[in-house]
Amino acid sequence: MDGREGWNVRKPYVFLTRKMPDGIVSMLEKECVVSMWEKEETPPPVSRLEEEIQKADAVFCNVSDNINKSLIEKAEHLKVIATMAVGYNNIDIKAAEKKNIRVAHTPGVLSETTADLTFTLLMATARRVPEGMDVIKNNEWGAWAPFFLTGQDIHHARLGIIGMGRIGELVAKRGTGFDMDIVYHNRSRKPEMEKAIGARFMEMDELLETSDYICVQTPYTEETHHLINKQAFQKMKRNAIFVNTSRGPIVDEDALYEALNNGEIQGAGLDVFENEPIRADHPLLSLPNVTALPHIGSASKNTRWKMAEMTANHILQGIRGEEIDHEVKR
Ligand code: DGY
């Protein structure tokens with residue numbers, strides 16, 4: 001008796017950590033028994049996750065589920081962990097590998113949408129969009145004033161991109177539409193992209209010291225933990241606008257707060273935070289020069305649907321023992 005009795009044992013058992021639309025559930029139901037946490041906006045409690053992972057053949061999860069070593073060690077039948085995200089820092093890959101569990105993610109499909117939101121944050125912060133909206137909502141809009149809510153230009157400014165992967169390239173491409181001077185720093189140079197987009201490689205310090213806009217687009221790993229720290233902010237120009245749509249812990253948030261509060265940089269556009277979700281009393285939200293969003297980089301209807309479909313497909317491929325389209329390479 002392993003808790004899986006009562007349903008057809010020939011069908012694999014899949015646990016979905018969030019409520020998914022019928023179309024996605026029915027894709028899985030054709031070949032699996034589906035168990036689903038019925039809420040869309042809150043994750044299951046750890047006790048439910050533990051209980052489900054113990055009996056599941058596959059788990060459909062996302063960025064806010066902590067699929068750690070102790071959880072993975074409890075799995076008795078698990079073959080696939082498929083996350084509806086490109087980033088998989090929330091999954092203990094080594095623990096999964098040890099148990100021969102395959103891990104899948106969703107690269108590519110969300111790159112354009114995330115690049116769109118990166119640019120949204122860049123522009124909203126530069127042109128003080130949240131402050132302008134507050135002025136209207138608070139009935140503070142007086143007569144037209146010559147220097148009221150003046151921000152800074154985006155066109156012809158220097159855009160520095162740290163991490164030139166798929167999303168970085170698409171942010172760079174968007175910058176060309178604004179005649180920006182595009183520079184990047186990456187572990188390896190990208191000659192083809194340099195040629196196609198006209199971006200120039202730059203050492204990290206020079207990029208930090210000379211860019212008007214700095215977007216960080218690296219994955220979160222041990223090496224990128226607090227990559228953007230006090231020293232990095234001190235190198236930036238006083239008019240620099242910093243944008244992060246990758247992962248919160250890449251940035252030392254205390255150092256960011258100090259830099260913004262002391263006027264060492266101009267502003268920040270943030271979609272991700274060190275500990276999510278943040279609440280209204282988070283120190284960064286007390287600053288007028290911060291545009292903050294609740295981790296919605298890939299959140300267009302179209303893209304989220306494609307990510308969910310891709311994740312369900314990875315599960316089906318994994319349980320059939322087929323090649324998985326986007327398996328995390330070890
Ligand atoms: C990802 O895919 O890693 C995003 O952060 C989730 O939208």
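A: Start with residue classes. Ala, Val, Leu, Ile, Met, Phe, Trp, Tyr, Cys and Pro count as nonpolar, Asp, Glu, Lys and Arg as charged, and the others, Gly among them, as polar. Keep in mind that this is a predicted model.

Q: By class, which residues make up the shell around the ligand?

A: The shell has four nonpolar, three polar and two charged residues. By name, the ligand is surrounded by Val63, Ala85, Val86, Gly87, Leu110, Arg247, His295, Ser298 and Arg304.

Q: Which polar side-chain atom lies 2.6 Å from an oxygen atom of the ligand?

A: That atom belongs to Ser298. His295 also places a side-chain N or O atom 2.7 Å from a ligand oxygen. Gly87 uses its backbone instead: a polar atom there is 2.9 Å from an oxygen of the ligand. As for cover, the ligand has 240 Å² of accessible area on its own, and the protein covers 91% of that.

Q: Ser298 also turns up next to Thr303. What is Thr303 in contact with, leaving aside its neighbours within four places in sequence?

A: Thr303 is in contact with Val109, Leu110, Thr113 and Ser298. Two of these names, Leu110 and Ser298, are also in the list around the ligand. Thr303 is found in helix α12, residues 301-320. The side chains of Thr303 and Ser300 are joined by a polar contact of 3.1 Å.

Q: Why does Thr303 count as buried?

A: The cut-off for buried is under 20% relative accessible area. Thr303 has 5%, so it is buried.

Q: How do I read a pair of aromatic rings?

A: Such a pair is described by the distance of the centres and the angle of the planes. A search of this whole structure finds three aromatic pairs. One of them is Tyr184 with Phe201: 5.5 Å centre to centre, with 85° between the planes. That makes it edge-to-face, as planes over 60 degrees apart are classed that way.

Q: Where do Tyr184 and Phe201 sit in the chain?

A: Tyr184 is in strand β7 (residues 181-185) and Phe201 in strand β8 (residues 200-201). They are 17 residues apart, and the pair links distant parts of the chain. Tyr184 is buried, at a relative accessible area of 0%, whereas Phe201 is partly exposed at 23%.

Q: Now a helix. Which residues of helix α7 are buried?

A: Helix α7 spans residues 166-176, and its buried residues are Ile167, Gly168, Leu170, Val171, Ala172, Arg174 and Gly175. They pack against α5 (111-126), β6 (158-162), β7, α8 (191-197) and β9 (213-216).

Q: What does Leu170 touch, not counting residues up to four places away in sequence?

A: Leu170 touches Ser111, Glu112 and Ala115. The C-alpha atoms of Leu170 and Glu112 are separated by 6.4 Å, though the two residues are 58 apart along the chain. Leu170 counts as buried, at 13% relative accessibility.

Q: What should I look for in the backbone?

A: Most residues other than glycine have a negative phi, and most peptide bonds are trans. Look for departures from that. Here, a cis peptide bond joins Glu276 and Pro277, with omega about -5°. Pro277 is in the loop between β11 (267-270) and β12 (290-292).

Q: What is the phi of Asn100, and what is that of Asn139?

A: Asn100 is not a glycine, yet its phi is positive, about 60°. Asn139 has a positive phi near 55°. Asn100 lies in the loop between α4 (93-98) and β5 (102-104). Asn139 is in the loop between α6 (129-137) and β6.

Q: Are Asn100 and Asn139 buried or exposed?

A: Asn100 is exposed, with a relative accessible area of 64%. Asn139 is exposed too, at 73% relative accessibility.

Q: Asn90 is another loop residue. Where is its loop?

A: Asn90 lies between β4 (80-83) and α4. This residue counts as buried, at 10% relative accessibility. Beyond its neighbours within four places in sequence, Asn90 is in contact with Asn62, Val63, Asp65, Asn66 and Ile67. Val63 also belongs to the residues that surround the ligand.

Terms used. Residues numbered from 1 in each chain as written. Predicted model: local features only at pLDDT ≥ 70, side-chain atom pairs only at ≥ 80, totals over all residues. Heavy atoms only, no water. Phe/Tyr/Trp six-rings, centres within 6.5 Å; stacked < 30°, edge-to-face > 60°. Helix = DSSP H or I, 4+ residues; strand = E, 2+ residues; numbered from the N terminus. Buried < 20%, exposed > 50% of the residue type's maximum accessible area, 1.4 Å probe, protein only. Near = heavy atom within 4 Å. Polar contact = N/O pair within 3.5 Å; in protein donor to acceptor, adjacent residues only side chain to side chain. Areas by Shrake-Rupley, 256 points an atom, 1.4 Å probe, with all protein chains shown as cover. Contact = heavy atoms within 4.5 Å.
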